[in-house]
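Q: I am new to this structure. Can you show me how to read its features, one at a time?

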Amino acid sequence: MSSSRPVVAVIQARMSSSRLPGKVLVPIAGKPLLWHLVHRLRKCSEVDSIVIATSTDSRDDALEDFCRGMNVRCIRGGLSNVLSRYRLAAEVTGAQILLRITGDSPLIDPEFVDYLVAGLRQANADFVQLSRGARCAHEGVDAFSRRALDWLMTHAADDPVAQEHVTSWFKLHPDAVKTVFLPDYTLLASDHVRLSVDTADDLDFVQAVYERLRAPPGEARLADILSLIRDEPHYRDINAHVRQKSMTQRERRALVICQGGGSSGLGHVRRSLSLARALRDVQGIGVAFVAPQEVAAMISAAGFVVHPDLSVIGLAGKEKFDIAVIDVKDSLTRDDIAALAAKIPVVAVIDDGSDRRLPATHAYYPPVPQARELSWTGSACRIKIGWQWCILGFDPAHVAVSREKGLIVVSMGGADPMGLTDLALDALKLMQAPFRADFVIGPAFASPDALASRIDAQSPAFHAIRNMTDLPALFARCDMALVAFGVTAYELAALGVPALYLPISEDHVRSASVFADAGAGDVLPTDATVQEIADAVAQLLADDARRAAMIQAGRRTIDGRGASRIAADLAMAANQTATGTGSSEGVR
């Protein structure tokens with residue numbers, strides 16, 4: 001369109017997105033996300049030209065290559081100052097009206113973009129919004145004048161909101177420039193739906209609606225998507241839990257260091273992933289992992305960057321992190337944590353009884369006796385102890401419980417170094433009552449093939465389960481569980497699964513005792529005989545009333561929201577540190 005006030009759509013994009021790195025080139029319906037934006041903006045009758053504004057960071061060289069292939073102008077400026085990129089784009093193109101287009105909005109609606117620009121023109125305004133209270137599902141576009149941009153550069157160039165979110169500054173200061181409020185845009189009037197792509201779940205949503213509508217790349221109409229969601233609301237559930245960052249929220253990054261695989265099992269990895277999702281999806285914090293190579297694929301599949309080694313000090317020195325979370329057994333020392341704390345403002349340990357916890361700023365524990373007995377002399381760490389801080393590897397609210405009468409699950413961790421699975425097998429062989437038993441063989445069991453053969457040969461009711469990827473679903477089916485004490489005990493309680501704990505040490509006996517005190521399970525002695533184990537299983541399996549009481553007690557004890565609480569606590573600490581408003585809270 002030829003105009004005395006040329007309109008330039010400026011797409012802000014970078015490869016280093018903290019919550020989903022590289023998302024702007026991730027394929028959707030076979031085409032890169034940015035391709036969708038350019039394709040849809042080219043349908044706008046009110047847009048004269050399109051610019052992609054990226055950074056001079058070497059990671060964004062790929063975006064310059066993309067622009068050449070799409071015949072789109074590429075502007076490169078500061079990585080952290082988005083406002084300066086808009087100024088550069090305006091100067092280079094001579095734009096008099098600019099569209100701020102976020103590079104994570106592949107479902108942008110061309111007709112709505114035209115509606116905003118036309119409204120801005122007709123009112124000779126500097127910024128345009130829908131009327132207060134208007135419902136509109138659209139995301140990812142703001143229209144503003146060159147005068148408004150110049151005003152920002154003169155009066156708010158140093159404001160963090162203006163630098164990072166540009167036009168959001170006008171929403172917080174509505175009287176700064178002339179703003180026109182347009183009537184509802186009826187075609188897109190809807191309650192909020194997440195349409196931006198910030199996380200892996202957002203990407204899954206967009207892919208899913210494209211497949212359901214069978215639309216060619218770039219041709220899924222937003223009105224059709226909203227109709228689909230109204231008719232089939234389960235599509236909304238794919239990413240409804242993901243929260244949009246607020247207009248004033250600065251970018252934050254967290255480094256999660258976890259140990260898993262081999263002899264250490266997967267419990268630490270699964271609960272670290274739960275906490276990472278809560279940080280990313282609920283608190284809007286980008287997360288990277290440091291973890292062993294053998295669990296890197298599991299973490300990458302959840303949408304996180306993984307550095308597959310434990311050289312964390314060098315990484316913390318090269319990249320900026322606001323939070324570090326340490327969930328390991330033995331891979332780091334006290335000096336390592338002290339070195340991290342010197343580089344990262346908020347450093348948290350999870351259920352850590354070693355002395356490496358002392359230099360941390362935050363520590364979280366279940367209410368086991370050992371946690372309350374730890375000495376914190378000389379430490380400034382904030383300590384939180386209680387059931388509410390227990391992290392699970394899943395959200396129990398999303399696990400369908402459907403119990404099978406007489407089904408026993410036997411699970412002894414990832415490695416079972418004490419051979420408890422064989423002990424349980426020998427015990428269950430002595431039982432006469434009708435039942436079935438599923439034996440979970442962990443990834444680091446010694447001689448797993450031979451063990452599986454022994455289990456399957458004992459009885460048609462005995463089944464060896466290997467390579468189990470969805471333990472919660474298995475737990476949710478069982479009538480009771482016989483397990484080694486560990487992370488599994490917390491997960492069983494949250495699902496309301498009656499459990500007998502086979503501890504391998506007196507330390508485990510003490511920890512398991514809090515579950516017995518809560519009424520969620522029973523603790524067997526460390527020297528329990530085969531017959532004693534068999535008798536305990538048979539008694540619990542025959543006592544429906546007692547199991548029912550354990551079900552209720554477990555659910556009352558652990559609500560499954562520990563990861564969300566810790567993520568919120570850490571996000572608040574990071575914000576307080578950044579603004580200098582931290583408190584001197586201590587042990588709880």
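Predicted model: local features only at pLDDT ≥ 70, side-chain atom pairs only at ≥ 80, totals over all residues.

Q: Let us start with helix pairs. How are helix 1 and helix 2 placed, and at what angle do their axes cross?

A: Take the axes and look at distance and angle. Helix 1 covers residues 33-41 and helix 2 covers residues 61-70. Their axes come within 11 Å and cross at roughly 40 degrees. Helix 1 and helix 2 are therefore classed as oblique to each other. The crossing of helix 1 past helix 2 is right-handed.

Q: Which residues make that contact?

A: Helix 1 brings Leu34, Trp35 and Val38. Helix 2 brings Leu63, Phe66 and Met70. Now sort these residues by type. The contact of helix 1 with helix 2 has 6 nonpolar residues, no polar ones and no charged ones.

Q: How do helix 20 and helix 21 cross?

A: Helix 20 spans residues 530-542, and helix 21 spans residues 544-557. The two axes come within 5 Å, with a crossing angle of roughly 85 degrees. So helix 20 is roughly perpendicular to helix 21.

Q: What residues meet there, and of what types are they?

A: From helix 20 come Leu540, Leu541 and Ala542. From helix 21 come Asp544, Arg546, Arg547 and Met550. The contact of helix 20 with helix 21 divides into 4 nonpolar residues, no polar ones and 3 charged ones.

Q: Next, salt bridges. How many are there?

A: Start with the general idea. Side chains of opposite charge can pair when their charged atoms come close. The cut-off here is a side-chain nitrogen of Lys or Arg within 4 Å of a carboxyl oxygen of Asp or Glu. By this rule there are 40 salt bridges.

Q: Where do the partners Asp104 and Lys23 lie in the chain?

A: First, the pair itself. Asp104 and Lys23 form a salt bridge, with their closest N and O atoms 3.5 Å apart. Asp104 is in the loop between strand 6 (97-102) and helix 4 (110-122). Lys23 is in the loop between strand 1 (7-12) and strand 2 (27-28). The pair therefore ties together parts that are 81 residues apart in sequence.

Q: Are Asp104 and Lys23 buried or exposed?

A: Check the relative accessible area; buried means under 20%. Asp104 has 10%, so Asp104 is buried. Lys23 has 8% relative accessibility, so Lys23 counts as buried.

Q: Where do Glu91 and Arg87 lie?

A: Both lie in helix 3 (residues 82-93). They are 4 residues apart, about one turn of the helix. Glu91, at 46% relative accessibility, counts as partly exposed. Arg87, at 32%, also counts as partly exposed.

Q: What does the pair Asp449 and Arg466 tie together?

A: Asp449 forms a salt bridge with Arg466, and the closest N and O atoms are 2.2 Å apart. Asp449 lies in helix 16 (residues 448-458), and Arg466 lies in strand 19 (residues 462-466). So the pair ties together parts that are 17 residues apart in sequence. Arg466 counts as partly exposed, at 36% relative accessibility.

Q: Last, burial in a helix. Which residues of helix 9 are buried, and what covers them?

A: Helix 9 runs over residues 222-231. Leu222, Ala223, Ile225, Leu226, Leu228 and Ile229 are buried there. The cover over these buried residues includes helix 1 and helix 8 (200-213).

Note on methods. Residues numbered from 1 in each chain as written. Heavy atoms only, no water. Axes fitted to C-alpha atoms, helices over the stretch in contact; angles between N-to-C directions. Helix = DSSP H or I, 4+ residues; strand = E, 2+ residues; numbered from the N terminus. Parallel < 35°, antiparallel > 145°, perpendicular 65-115°, else oblique. Left-handed = near helix turned anticlockwise from the far one by under 90°. Contact = heavy atoms within 4.5 Å. Nonpolar A, V, L, I, M, F, W, Y, C, P; charged D, E, K, R; others polar. Buried < 20%, exposed > 50% of the residue type's maximum accessible area, 1.4 Å probe, protein only.
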